[in-house]
Amino acid sequence: MSSVPETIKAPVAQDASRTSRPDIVETVADVIADVRRNGDAAVRRWSQKFDGWNPEFFRLGPDQIASVVSSVPETVLDDLRFVQQQVRGFA
């Protein structure tokens, strides 16, 4: 039995353009502009709006990072390390 990788994200159809969803493009532009103007306050607003997440601090401490990383499957971590290496090599 062969192992078939799980698809995480389906490719966009070749005929779809980046502006095929003007509402999304406009929202992303609004978020970026707001964060540039208002910094952390804007991040907090958008986080609350999109995710319902409003923690006291957005920066994770070393223990929180270690906890999250330890919950990620090793194969995913290997994939992330590979991608990092590829991006760094390209950049």
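**Close-up views: salt bridges and aromatic pairs**

**View 1. Arg-81 and Asp-78 meet through their side chains in a salt bridge, 3.1 Å from N to O.** A salt bridge is a side-chain nitrogen of Lys or Arg within 4 Å of a carboxyl oxygen of Asp or Glu. The model is predicted: local features need pLDDT of at least 70, side-chain atom pairs count only at pLDDT 80 or more, and totals for chains, interfaces and linings use all residues. Residues are numbered from 1 along each chain as its sequence is written, and side-chain values use heavy atoms, with hydrogens and water left out. Arg-81 and Asp-78 are three residues apart in helix 3 (residues 74–90), so about one helical turn separates them. Helices are DSSP runs (H or I, at least four residues), numbered from the N terminus.

**View 2. Glu-74, Asp-78 and Arg-81 are linked in a network of salt bridges.** Arg-81 also bridges to Glu-74, where the closest N and O atoms are 3.1 Å apart. Relative accessible area sorts residues into classes: buried is under 20%, exposed is over 50%, and partly exposed is in between (1.4 Å probe, protein chains only). Arg-81 is partly exposed at 43%. Glu-74 is partly exposed at 47%. Asp-78 is partly exposed at 39%.

**View 3. Arg-45 forms a salt bridge with Asp-34.** The closest N and O atoms are 2.8 Å apart. Asp-34 lies in helix 1 (residues 22–51). Asp-34 is buried, at 8% relative accessibility, whereas Arg-45 is partly exposed at 45%. Leaving aside residues up to four places away in sequence, Asp-34 touches Gly-39, Ala-42, Arg-45 and Trp-46. Contact here means heavy atoms within 4.5 Å. By the salt-bridge rule, the count comes to four.

**View 4. A search of the whole structure finds two aromatic pairs.** The rings of Trp-46 and Phe-50 are stacked, because their centres are 5.3 Å apart and their planes lie at 25°. Rings of Phe, Tyr and Trp (its six-membered ring) pair if their centres lie within 6.5 Å; planes under 30 degrees apart count as stacked, over 60 as edge-to-face and the rest as tilted. Both Trp-46 and Phe-50 sit in helix 1, four residues apart, about one turn of the helix. Trp-46 is buried at 18% relative accessible area. Phe-50 is partly exposed at 45%.

**View 5. Trp-53 and Phe-58 form an edge-to-face aromatic pair.** Their ring centres are 5.3 Å apart, with 80° between the planes. Trp-53 is partly exposed at 43% relative accessibility. Phe-58 is partly exposed at 27%.

Note on methods:
Helix = DSSP H or I, 4+ residues; strand = E, 2+ residues; numbered from the N terminus.
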